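Hi,

Here is the structure I promised to pass on. Have a look through it first, and then read my notes below.

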Amino acid sequence: MTDQTFADADEVAHDAAFPETVEAIRTRRSGHNFDPDEDVSEETLRELVRDATYAPSAFNLQPWEFIAVRDDERLDRLVELAYGQEHLRDAGTGVVVTGHTTPERNAERVYREWAEAGRITEEDAEERIEQAMESEPDREFAVRNASLATENFLLSAHARGLKATPMGGVDFDGVAEFLDIPDDQVPVVLIAVGPSGGEEVERLPRRGVDEVLHVDEY
Ligand SMILES: Cc1cc2nc3c(=O)[nH]c(=O)nc-3n(C[C@H](O)[C@H](O)[C@H](O)COP(=O)(O)O)c2cc1C
């Protein structure tokens, strides 16, 4: 394969309009080495969630919620539900990102905002609200939107010098029950987040651009 497998930090595109953003994207890691004696502050946690909410979402519906588990006993239970992944305990905070399976929950407010901003007509807003109220649950809608919010959260944590790891090796049905997640949502990802405990093992290579980029057809 002729293509580079991955751009390292020192290959960052310094000609980019936001070079530090590119650097953050390329140096982000899923951390497993957390400082077990330190937790992310509540203030910073709020900022991470704020950054997550700047993710794009279908029609700006923002169909996501973030459930932070910080209590030691409750975190122990979450570690069990993550099949014993101990780095979650060391991280000190587990954030479950849920996605709404229908646009229903926020539709009225959001479509009215579109109409008030003059971006759609009042009639269009009413029609969309009505459609949203009748829409069938769609896991893809939930997963697509919540995943984008998750990546923002991960990048924000990295930009703030924290470690954050997305976790899918989790009994999500158990998590939904444990956290009392409403029926119109699905837990999409569990994020372990906390201060760094030091170095990580070397990152594994990425598939090259020549391999993954398909132009005009597959
Ligand atoms: C959908 C998904 C599920 C993952 N599940 C876990 C997990 O259960 N536990 C874990 O430690 N890391 C998990 N990861 C992190 C991956 O192992 C990691 O992203 C991958 O090895 C690449 O490493 P990097 O993120 O450091 O670049 C998951 C990542 C994704 C996107």
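**Strands and ligand site**

In this predicted model, eleven of the eleven residues of strand β4 (residues 185-195) are buried, so β4 is largely enclosed by the rest of the structure.

Which strands pair with β4? One of them is β2 (residues 93-100), which runs antiparallel to β4 and is joined to it by eight bridges. If you want a place to start looking, G99 has V186 in β4 as its bridge partner. Strand β3 also pairs with β4 in the antiparallel sense, through six bridges. Here you can pick out K163, whose bridge partner in β4 is G194.

- R206: a side-chain N or O atom is 2.8 Å from a ligand oxygen.
- G169: a backbone N or O atom lies 2.9 Å from a ligand oxygen.
- H87: a polar side-chain atom lies 3.0 Å from a ligand oxygen.

How much of the ligand does the protein bury? On its own the ligand exposes 610 Å², and the protein buries 57% of that.

Happy browsing, and best wishes

Technical notes. Residues are numbered from 1 along each chain as its sequence is written. This is a predicted model: local features need pLDDT of at least 70, side-chain atom pairs count only at pLDDT 80 or more; totals for chains, interfaces and linings use all residues. Side-chain values use heavy atoms; hydrogens and water are left out. A polar contact is a pair of N or O atoms within 3.5 Å; within protein, one must be able to donate a hydrogen and the other to accept it, and residues adjacent in sequence count only if both atoms are side-chain atoms. Accessible areas come from the Shrake-Rupley method with a 1.4 Å probe; for residues, only the protein chains shown count as cover. Buried means under 20% relative accessible area, exposed over 50%, partly exposed in between (1.4 Å probe, protein chains only). Helices (H or I, at least four residues) and strands (E, at least two) are DSSP runs, numbered from the N terminus. Two strands pair if DSSP finds at least two bridges between them.
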